[in-house]
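Please keep the sequence and the model open beside you as you read.

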Amino acid sequence: YMATSIPVAEAPDGVETDDEPEFDFDALIAGIEQYALNSVTRVGPGGDQLVFSAVNARTTLYDTAVYKLLEAGPYLIEIDVSNTSLSAAAVGELIKSAPQLKRLNLSGIQIDLGTLEPLIGLNSLESLILFNAPVTEDLLPVLGELKQLRGLYLAGSGFSEEQIQQLRQSLPECSVVGDDYLFKHQPKQAGDAKEEPSDPVK
């Protein structure tokens, strides 16, 4: 009996194998931070999730930087582009690229239907912050569809108390914070009567 060798099949050109190189997060982060210094943090057990905050780049972050950020979209769990000059269209594209997104801060920037509609199917999203964002009435139905939210912050957005109450009814599992909540929880001035703490907003 003579043993014969069995040839090992090689993967054809262009076919991926299990021995793929590790994703180069350092190169990705370096590319993003050319536009927004110290803006990206690696988190998660394996460091394979990203948090982006534009707090150090609010006056220098423009739409051109977003297209570099799109490469990071699959790894982003938190995005803070508050008080930047990004357009509503650019923010909408960024949201579409981030299926793992849990927290989103759009305070003080322009938003429209194209910005918020991608959030409806984003089941991982827990917190949406729209402080001082000019939210128009036509966005109310979209916000009411975000059943996955646990926190929605709308103080300074221009919504009336009636509209805020409407959202609280639409989102019973979410804490909806409007101007009324902030007014109740402002620090008391010296000499003011002490107010009993109120129940958490639902």
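## A loop residue to start with

Asp112 counts as partly exposed, at 38% relative accessibility; on this scale, buried means under 20% relative accessible area, exposed means over 50%, and partly exposed is in between, using a 1.4 Å probe and protein chains only. The model is a predicted one, in which local features need pLDDT of at least 70 and side-chain atom pairs count only at pLDDT 80 or more, while totals for chains, interfaces and linings use all residues. Residues are numbered from 1 along each chain as its sequence is written, and side-chain values use heavy atoms, with hydrogens and water left out.

You will find Asp112 in the loop between S4 and helix H4 (113-116). Helices (H or I, at least four residues) and strands (E, at least two) are DSSP runs, numbered from the N terminus. The side chain of Asp112 reaches the backbone nitrogen of Gly114 at 3.0 Å. Such a polar contact is a pair of N or O atoms within 3.5 Å; within protein, one must be able to donate a hydrogen and the other to accept it, and residues adjacent in sequence count only if both atoms are side-chain atoms. Beyond its neighbours within four places in sequence, Asp112 is in contact (heavy atoms within 4.5 Å) with Ala88 and Leu139. Thr136 is 24 residues from Asp112 in sequence, yet their C-alpha atoms are 7.9 Å apart in space.

## The chain as a whole

Seven helices and seven strands make up the secondary structure of the chain. Along the sequence they follow the pattern α-β-β-α-β-α-β-α-β-α-β-α-β-α. The chain has 202 residues, of which 39% count as buried. Among contacts with a separation of 6 or more, 54% come from residues 24 or more positions apart.

## The sheet

The seven strands form an open sheet with mixed pairing, in the order S1-S2-S3-S4-S5-S6-S7; two strands pair if DSSP finds at least two bridges between them. At the edges are S1 and strand S7 (175-177), each pairing on one side only. On average, and with direction ignored, neighbouring strands of this sheet are turned by 10° against each other; axes here are lines fitted to C-alpha atoms, for helices over the stretch in contact, and angles run from 0 to 180 degrees between N-to-C directions.

## Strand S3 and its neighbours

Why is strand S3 (residues 76-80) described as largely enclosed by the rest of the structure? Four of its five residues are buried, so the rest of the structure largely encloses this strand. S3 pairs in the parallel sense with strand S2 (residues 49-53) over four bridges, and Phe52 stands opposite Ile79 in S3. The chain crosses from S2 to S3 through helix H2 (residues 63-69) in a right-handed β-α-β crossover. Right-handed means that, with the strands pointing away from the viewer, the path from the first strand over the helix to the second runs clockwise.

S3 also pairs in the parallel sense with strand S4 (residues 103-105), over three bridges; here Glu78 stands opposite Arg103 in S4. Together with helix H3 (residues 88-96), S3 and S4 make a right-handed β-α-β unit.

In helix H1 (residues 25-32), the buried residues are Phe25, Leu28, Ile29, Gly31 and Ile32. Seen down the axis of H1, they fall within an arc of 160°, so they line one face of the helix; the arc is that of the directions from the helix axis to the C-beta atoms. These buried residues pack against strand S1 (40-43), S2 and H2. H1 lies across S1 and S2, running at about 155° to S1. At its start, a side-chain oxygen of Asp24 reaches to within 3.3 Å of the backbone nitrogen of Asp26.

Helix H6 (residues 161-170) has Gln163, Ile164, Leu167 and Arg168 buried. Its buried residues fall within an arc of 145° seen down the axis, so they line one face of H6. On the other side of H6, Glu162 and Gln169 are exposed.
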